[in-house]
Amino acid sequence: MTSFPTVSDERRLEMFADRPGPARVLIDTDTANEIDDQFALAWALLSPDRIDIEAIVAEPFGHLHMREELVAEVEALRTGTPTGEVENKYGAWARHLVAQGIGPEDLQLVGPAEGMEESYEEIHRVLGKLGISGDGLVFRGSDQYMPAADVPVESEGAHRIIEAALADDERVLHVVAIGCVTNITSALLMAPEIASRMVVNWTSGYPTWVDLDNTPSLNLVQDRHASRLLFSSGVPLVYLPGYHIGAQLNFSHPEAEAWIKGKGEIGDYLYHLYKHNPIWVQRGVEQFPGQSWVVWDLINIAWLIDRTWVPTRTTRTPHLDDDLVWQARPDGPVMLEAVAIHRDAIFHDLIVKLDDQDRILASR
């Protein structure tokens with residue numbers, strides 16, 4: 001197995017520390033999966049006083065791995081014999097499909113290569129809405145998941161991560177992971193020395209203090225090898241649980257209409273995405289009064305802009321076992337883990353920057 005450099009706990013805390021001015025940032029994103037990545041990317045691009053984006057890498061994503069169990073649950077519902085274990089994972093999805101008269105065979109479930117390419121195109125689309133060129137900034141990532149625990153997948157994105165991490169810059173590189181981490185762990189395997197040259201902040205799964213199975217987390221379950229390796233590599237890690245913590249970033253349709261719509265091309269595009277969320281179509285979710293949606297990935301950008309908006313604790317990096325359940329590792333390296341989130345402050349900052357986008361973009 002690959003050997004990674006040791007980073008002392010003291011050095012990790014130095015790397016985690018907030019510093020004045022913009023942080024060096026590389027964003028690794030599955031932008032076309034739903035709508036949260038677009039919101040997060042736009043917010044980051046409108047925050048140049050705190051975030052200096054050096055590259056944006058498209059991640060693979062897909063839902064084909066869900067098809068077999070989803071089909072089984074839909075058929076079980078149709079015959080009146082729901083299956084207990086699958087019900088916990090795909091029951092709500094299956095019920096929506098049955099209620100809308102949609103069969104799994106009608107769904108357009110993509111694989112990782114198609115998901116990465118769609119994300120690459122979507123990144124350029126978001127940049128275009130802000131009048132920003134993606135030339136030299138946007139890179140394609142992996143077109144597949146890691147085939148084995150110690151086998152990287154080469155891509156221009158993985159090489160760009162390595163290049164950024166090894167750059168001669170006294171500032172720490174912050175790699176913002178808002179999807180599966182195939183590109184990042186591939187880069188770590190290709191150049192293990194970068195494990196001491198960057199901080200990864202990743203949102204996925206449950207808090208590490210619970211003993212729940214993390215398979216409901218798309219970011220974590222798609223590439224199990226990559227997810228496990230991220231925690232075993234020793235790379236300085238800021239873990240931002242999606243469930244319980246990021247899940248508080250709910251945003252309703254009336255709020256989107258009042259505060260996002262009409263705020264330039266990017267505001268209108270984000271509002272369009274909110275109204276036409278691809279996940280709603282895929283999951284058979286019917287829109288209704290009072291509906292809201294979680295804009296999960298804002299948590300990663302929020303931590304970089306203002307650490308008080310995403311309070312964290314220091315803890316020992318756990319082990320992610322074969323069943324994707326957290327196991328305590330008392331001798332694991334120190335990491336940060338989010339324990340709360342200030343939802344109102346986060347959305348307020350996003351809205352203020354959309355209002356002020358002309359001045360912000362002119363100053364870039």
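This is a predicted model: local features need pLDDT of at least 70, side-chain atom pairs count only at pLDDT 80 or more; totals for chains, interfaces and linings use all residues.
Contact here means that heavy atoms lie within 4.5 Å of each other. Helix α2 covers residues 36–45 and α13 covers residues 298–305. Their axes come within 8 Å and cross at roughly 20°. Angles under 35 degrees count as roughly parallel, so α2 and α13 are roughly parallel to each other.

A second pair, α7 and α9, is arranged at another angle. Helix α7 (residues 182–190) packs against helix α9 (residues 224–232) at about 60°, the axes being 9 Å apart. That makes the two helices oblique to each other, and the crossing of α7 past α9 is left-handed. From α7, the contact draws on T182, I184, T185 and L189, while α9 brings in A226, L229 and L230. Five of the residues in this contact are nonpolar and two are polar, with no charged ones.

After α9 comes G234, with a positive phi near 85°.

Next comes the loop between β5 and α8. β5 spans 198–204 and α8 spans 218–221, and T208 sits in the loop between them. The relative accessible area of T208 is 13%; buried means under 20%, so T208 counts as buried. The side chain of T208 makes a polar contact of 3.3 Å with the side chain of R313. Setting aside neighbours within four places in sequence, T208 is in contact with Y239, R313, P318, W326, M335 and E337.

N214 is also found in the loop between β5 and α8. What is the relative accessibility of N214? The value is 0%, so N214 is buried. The side chain of N214 reaches back to Y206, coming to 2.7 Å from the backbone nitrogen of that residue. Leaving out residues up to four places away in sequence, N214 touches G205, Y206, L220, L320, L324, V325 and W326. N214 and Y243 are 29 residues apart in sequence, and 9.7 Å separates them in space, C-alpha to C-alpha.

Although L324 is not a glycine, its phi is positive, at about 60°. L324 belongs to the loop between β10 (319–320) and β11 (326–327). Is L324 buried or exposed? With a relative accessible area of 0%, L324 is buried.

H244 is likewise not a glycine, and has a positive phi of about 80°. H244 lies in the loop between β6 (237–241) and β7 (250–252). The relative accessible area of H244 is 45%, so H244 is partly exposed, whereas L324 is buried.

Technical notes: Residues are numbered from 1 along each chain as its sequence is written. Side-chain values use heavy atoms; hydrogens and water are left out. Axes are lines fitted to C-alpha atoms, for helices over the stretch in contact, and angles run from 0 to 180 degrees between N-to-C directions. Helices (H or I, at least four residues) and strands (E, at least two) are DSSP runs, numbered from the N terminus. Angles under 35 degrees count as roughly parallel, over 145 as roughly antiparallel, 65 to 115 as roughly perpendicular and the rest as oblique. A crossing is left-handed if the near helix is turned anticlockwise from the far one by less than a right angle, and right-handed if clockwise. Ala, Val, Leu, Ile, Met, Phe, Trp, Tyr, Cys and Pro count as nonpolar, Asp, Glu, Lys and Arg as charged, and the others, Gly among them, as polar. Buried means under 20% relative accessible area, exposed over 50%, partly exposed in between (1.4 Å probe, protein chains only). A polar contact is a pair of N or O atoms within 3.5 Å; within protein, one must be able to donate a hydrogen and the other to accept it, and residues adjacent in sequence count only if both atoms are side-chain atoms.
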